[in-house]
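Biologist: I'm new to this one and would like to know what stands behind the labels. Could you show it to me and take my questions as they come?

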Amino acid sequence: MRRYWLFKSDPETFGLDDLEGSPGRETCWDGVRNYQARNLLRDEVQVGDGVLFYHSRAKPPAVVATARVVRKGYPDPTQFDPREPGHDPRSKPEEPRWYAVDIRLEKRLRKPVELPEMRRLPALESMVLLHKGSRLSIQPVTKEEWSMILRLGRG
DNA sequence: GCCAACGTTGGC
DNA sequence: GCCAACGTTGGC
């Protein structure tokens, strides 16, 4: 069964424009260094799954696009590279600690779905994103939440 | 195994 | 830029 996710990204680091400018509008979603998010990338996220691309730390924070998973979890190459900020000296190629997936940009939303707007909607109140203190950068999204966000993004 | 100290995330 | 919430580290 196809599943849905929300991926957070700080646009200062990697935003929608960067994704749109990537070759084939695809990117390696690397740099995740949280075990809960890692487990999702490694074990749960599958090719064909839908992704809500979310700008965190934006004004206001918002879902700005949809993407699709095009390659399932594989060892995050940046963990082995000493020049990378995500370098992890504890990781060995035969025993990788961190995982990445590849995603391809599908569609820019006509209208960004902003965090304050989402908070106002009872239908979205159980979204992981809206949970108090929720910091998870890879989050599951239900089919209903996915459809609602897309509808709101149609403007 | 506890928990204080520290670093990071991310909304505001 | 601030700071609350959270996750991780490391001494004991």
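Biologist: What makes the contact between the side chains of Arg 57 and Asp 10 a salt bridge?

Modeller: A salt bridge is a side-chain nitrogen of Lys or Arg within 4 Å of a carboxyl oxygen of Asp or Glu. Arg 57 and Asp 10 meet at 3.8 Å, N to O, so the pair passes the 4 Å limit. Bear in mind that this is a predicted model: local features need pLDDT of at least 70, side-chain atom pairs count only at pLDDT 80 or more, and totals for chains, interfaces and linings use all residues. Residues are numbered from 1 along each chain as written, chains are lettered from A and ligands numbered from 1 in the order written, and side-chain values use heavy atoms, leaving out hydrogens and water.

Biologist: Why do you say that the pair of Arg 57 and Asp 10 ties parts together?

Modeller: Arg 57 lies in the loop between β3 (50-55) and β4 (62-75), and Asp 10 in the loop between β1 and α1 (16-20), so the pair joins parts 47 residues apart in sequence. Helices (H or I, at least four residues) and strands (E, at least two) are DSSP runs, numbered from the N terminus.

Biologist: Why is Arg 57 called exposed?

Modeller: Exposed means over 50% relative accessible area, buried under 20%, and partly exposed in between (1.4 Å probe, protein chains only). Arg 57 has 72%, so it counts as exposed.

Biologist: How do you know which residues surround DNA strand B?

Modeller: A residue is near a strand if one of its heavy atoms lies within 4 Å of it. Lys 8, Tyr 54, Ser 56, Arg 57, Pro 61, Leu 115, Arg 119 and Arg 135 surround DNA strand B. Sugar and phosphate make up 58% of the DNA strand B atoms that come within 4 Å of the protein.

Biologist: What makes the approach of Lys 8 to a phosphate oxygen of DNA strand B a polar contact?

Modeller: A polar contact is a pair of N or O atoms within 3.5 Å; within protein, one must be able to donate a hydrogen and the other to accept it, and residues adjacent in sequence count only if both atoms are side-chain atoms. A polar side-chain atom of Lys 8 lies 2.9 Å from that phosphate oxygen, so the pair qualifies. For Tyr 54, a side-chain N or O atom is 2.8 Å from a phosphate oxygen of DNA strand B.
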